[in-house]
Amino acid sequence: MMARGGGRPKPCSVQDAIARLSKAEQFLLLAGLAVDDAALRSAEASNLVLAGIAASDVICCARLGRRSGAADHTAAVAMLATVDVSAAKSLDALLRLKSVAQYDTANPTAQQLLSARRAAQALAAAARRALAEVD
């Protein structure tokens, strides 16, 4: 699984966290437009994965002042786990769906989407809480 390249954690500010939260919410909004459309399951799942990644960046920025810059998303899960184990489990679940959504020829199942939606929403809620605690 590929991320934004680079292996070192990237410093980030509260302003960066706010920007990443905006992106997470945009991805969630777009995922919501595809709900109940079997032809758009991969697009919905991809947006949910992207929302989760952005939300996890928010949590790490708010609590650690840095986010993962590793090409392997497992580093992001590990970093997130240092501040929020539950959020890290949600991110891990979403990342397991990434290949199915973006590279496989089959679409994710309705159950996979339901689980992904819950995980992405949980990460977004955790991101909002983490950002609120900074202010």
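Trainee: S46 is found in helix α2. Is S46 buried or exposed?

Mentor: This is a predicted model, numbered from 1 along each chain as its sequence is written, where local features need pLDDT of at least 70, side-chain atom pairs count only at pLDDT 80 or more, and totals for chains, interfaces and linings use all residues. Side-chain values use heavy atoms, without hydrogens and water. Buried means under 20% relative accessible area, exposed over 50%, partly exposed in between (1.4 Å probe, protein chains only). S46 has a relative accessible area of 13%, so it is buried.

Trainee: Which residues is S46 in contact with, leaving aside neighbours within four places in sequence?

Mentor: Contact means heavy atoms within 4.5 Å. With those neighbours set aside, the partners of S46 are A101 and Q102.

Trainee: What length does α5 reach from its first C-alpha to its last?

Mentor: Helices are DSSP runs (H or I, at least four residues), numbered from the N terminus. The expected span is 1.5 Å times one less than the number of residues. α5 covers residues 110-134, which is 25 residues. The expected value is 36 Å, and the reach is close to it, at 36 Å.

Trainee: Which helices do the buried residues of α5 pack against?

Mentor: The buried residues of α5 include L113, A116, A120, L123 and A127. They pack against α1 (14-33), α2 (41-64), α3 (73-81) and α4 (85-102).

Trainee: Are α1 and α5 roughly parallel or roughly antiparallel?

Mentor: Axes are lines fitted to C-alpha atoms, for helices over the stretch in contact, and angles run from 0 to 180 degrees between N-to-C directions. Under 35 degrees counts as roughly parallel, over 145 as roughly antiparallel, 65 to 115 as roughly perpendicular, the rest as oblique. The axes of α1 and α5 come within 11 Å and cross at roughly 155°. That makes the pair roughly antiparallel.

Trainee: How many nonpolar residues does the contact of α1 with α5 have?

Mentor: Ala, Val, Leu, Ile, Met, Phe, Trp, Tyr, Cys and Pro count as nonpolar, Asp, Glu, Lys and Arg as charged, and the others, Gly among them, as polar. Among the residues that meet are I18, L21 and E25 in α1, and A124, R128 and L131 in α5. The contact has no polar residues and two charged ones; its nonpolar count is 10.

Trainee: Where is D36, which has a positive phi?

Mentor: Phi is about 70°, although D36 is not a glycine. At 78% relative accessibility, D36 counts as exposed. Its location is the loop between α1 and α2.

Key: Helix = DSSP H or I, 4+ residues; strand = E, 2+ residues; numbered from the N terminus.
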